[in-house]
Structure formats: C-alpha cells, structure tokens
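Keep the sequence and the 3D view open while reading.

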Amino acid sequence: MADSDSDPIDRSAAASPADRHRGIYLLPNLFTTAALFAGFYAVLSANAGLFEAAALGIFAAMVLDGFDGRIARITHTQSDFGAEYDSLSDMVAFGVAPALVAYEWALSGLGKLGWLAAFIYTAAAALRLARFNTQVGIADKRWFQGLPSPAAAAIIAGAVWIGTDNGISGASVSLLIALLTTCGGLLMVSNFRYHSFKVLDLQGRVPFMFVVLLMLGFALVVLDPPVLLFLMAFSYAISGPIFTFVRRRQRLSEGRRRRGRLG
C-alpha cells in the first residue's frame, strides 16, 4: 500500500536507491507510528474490557493515517520505506485491531463462528491492502476497488462504541456483529467501486451554503459521535454496491436501446 489506503502516493515519486541509505524521514513516519500505536492501544483496551477506549483508538488511527501521506507529499518526503511502513501500520490498525475488538466484545461467545468471522475480516483486510499495493499508479484515482480498510474498521468501531455507550451487551448482539464483521471483510475484497473523493478541489471556491452544511455536519457528529460516525461509515459501505448496480442497469438499458435502434 502507499502512504495511506485512503490517500495513496505514487511509488514513482519515492526516494532514489541512493537516498535510502541516508536514513528515513521523521515527520510522515511519526504520524504512521502514532497510527500504529493507536491500533495497538485499541487491542490492549479491548483485552482489558475498555471497549469505548478501543473504538476511540481505531478512530484515532484513522485520523492519523489520513495525515501521513498528505504530509509526505507536502514536504516532499515520500519514500519506499514510508509506503511499506504505512501498509504494515494499516494492517494492524484497520485489519487486526477491529477484528480483535469485535471478537473480545461480542464474537467470543459464538465459538468457532466468532473467530471465523474475525479471521475473515483480518484476512480480507490483508488481501485488500495487497491488492491496493499492486494497483498504485495504474488504477483510476477517482475510485477504490473494494471498501477501503479504514471505512470497514469504522463500521466495527462505531458499532462497538454505540453498544458500550448505550449499555448494550456484546453477547446480545453477537450475531449482528458477526454479520457486520463478515460483510465488512467481504466488501473489502469485492469489486464494488467506491468514490475516493480525490477530484474534490480543496483549494478552490465553494458556495456559501456548502460551508453552512459542513458546519451542520460537524454539529451533528458532536451531538452523537458514535451513531453519526457509524452511519457515515455504513452509508459509504453500501454506496459501492448501490453505485455498481445502478451503473449496471444503466448499461443494460443503453444496450437495449442500441439493439432497438439497430433492429
């Protein structure tokens, strides 16, 4: 993977072989290390029964992961080391940590079904990241193939946070969490297309109402963070299948119209 599953860098822009022996860049790798620590903290918190802290650790890793790649590009400190290190960090924070948090909170009571759901998610995250690595520089940057691992992790972390925030026992919703965990993993390795939002011009002008809506969005998140963050991640997760099916129906309709004109 590149410096971030949600914001890749081109490996062709990485440092030359001669530069690799001069050390590593501190600033972007510092954020990557912080994201790795947040994922590790989430696992430790789940083992200690602190599930709200575990969910917050995963969300913190998402925020930190969104910075390292951007900082590397802004400061021109991209490197092959940073790309590989970020990939390993993401595997821990968005592959291993969410699966273990879900297992400790709800899936352990399901026996083999529980650990199988957790393993499917972890293996799918590894496959998703490996596929992403091979597509850097050749894939359409407007789209992701398969659900990005941070979004899949946000679904699990959001569900766990909602449960603990409302006093819901993980055992009472174990089957639902197993379904979410398994589906999140399968969506990561699917061929559904997800918008990457890379075509957004963050430096250009926007309508005034856009700023107002953005302010309202922040207010809603502050009002009930676990519910809103979960709904945002869940909505993004189902947008891939919906977009794919809509596009497929449009192509079928266009094909019928062409055959009708030819006939």
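## Helix α4 and its cover

Several elements cover the buried residues of α4, including α3 (80-107), β1 (143-145), α5 (149-165) and α6. The model is predicted. Helix α4 itself runs over residues 112-135. The buried residues of α4 are G114, A117, A118, Y121, T122, A124, A125, R128, L129, R131 and F132.

How far does α4 reach from its first C-alpha to its last? The 24 residues of α4 reach 34 Å, close to the 34 Å expected at 1.5 Å a residue.

## The chain as a whole

The protein chain has eight helices and two strands. Along the sequence, their order is α-α-α-α-β-α-α-β-α-α. The chain holds 263 residues, and buried residues make up 41% of them.

Contacts across the sequence come next. Take the contacts in the chain with a separation of 6 or more: residues 24 or more positions apart account for 85% of these.

## Helix α6 and S174

Helix α6 covers residues 174-188, and S174 lies in it. The 15 residues of α6 should span 21 Å at 1.5 Å a residue. The end C-alpha atoms of α6 are 21 Å apart, so the span agrees with that value. The buried residues in α6 are S174, I177, A178, L180, T181, G184, G185, L187 and M188. In general, an α-helix has 3.6 residues a turn, so residues three or four places apart point the same way.

Is S174 buried or exposed? Its relative accessibility is 10%, so S174 counts as buried, the cut-off for buried being under 20%. Which residues does S174 touch, leaving aside residues up to four places away in sequence? They are A106, L107 and L110.

## How α2 meets α3

Two packed helices are described by the angle between their axes and the distance between the axes. Helix α2 takes in residues 51-74. The axes of α2 and α3 come within 10 Å and cross at roughly 160°. Angles over 145 degrees count as roughly antiparallel, so α2 is roughly antiparallel to α3. The crossing of α2 and α3 is left-handed.

Both helices supply residues to this contact. From α2 come F51, A54, I58, A61, M62, D65 and D68. From α3 come D86, D90, A93, F94, A97, P98, V101, E104 and W105.

## Aromatic pairs

How many aromatic pairs does a search of the whole structure find? It finds nine. One of them joins F192 and F245. Their ring centres are 6.0 Å apart and their planes lie at 75°, so the pair is edge-to-face. F192 has a relative accessible area of 21%, so F192 is partly exposed. F245 also counts as partly exposed, at 45% relative accessibility.

Y194 and Y236 form a tilted aromatic pair. Their rings are 5.3 Å apart centre to centre, with 50° between the planes. Y194 is in strand β2 and Y236 is in helix α8. This pair, too, links distant parts of the chain, 42 residues apart. Both Y194 and Y236 are buried.

Terms used
Residues are numbered from 1 along each chain as its sequence is written. This is a predicted model: local features need pLDDT of at least 70, side-chain atom pairs count only at pLDDT 80 or more; totals for chains, interfaces and linings use all residues. Side-chain values use heavy atoms; hydrogens and water are left out. Helices (H or I, at least four residues) and strands (E, at least two) are DSSP runs, numbered from the N terminus. Buried means under 20% relative accessible area, exposed over 50%, partly exposed in between (1.4 Å probe, protein chains only). Contact means heavy atoms within 4.5 Å. The expected span of a helix is 1.5 Å times one less than its number of residues. Rings of Phe, Tyr and Trp (its six-membered ring) pair if their centres lie within 6.5 Å; planes under 30 degrees apart count as stacked, over 60 as edge-to-face and the rest as tilted. Axes are lines fitted to C-alpha atoms, for helices over the stretch in contact, and angles run from 0 to 180 degrees between N-to-C directions. Angles under 35 degrees count as roughly parallel, over 145 as roughly antiparallel, 65 to 115 as roughly perpendicular and the rest as oblique. A crossing is left-handed if the near helix is turned anticlockwise from the far one by less than a right angle, and right-handed if clockwise.
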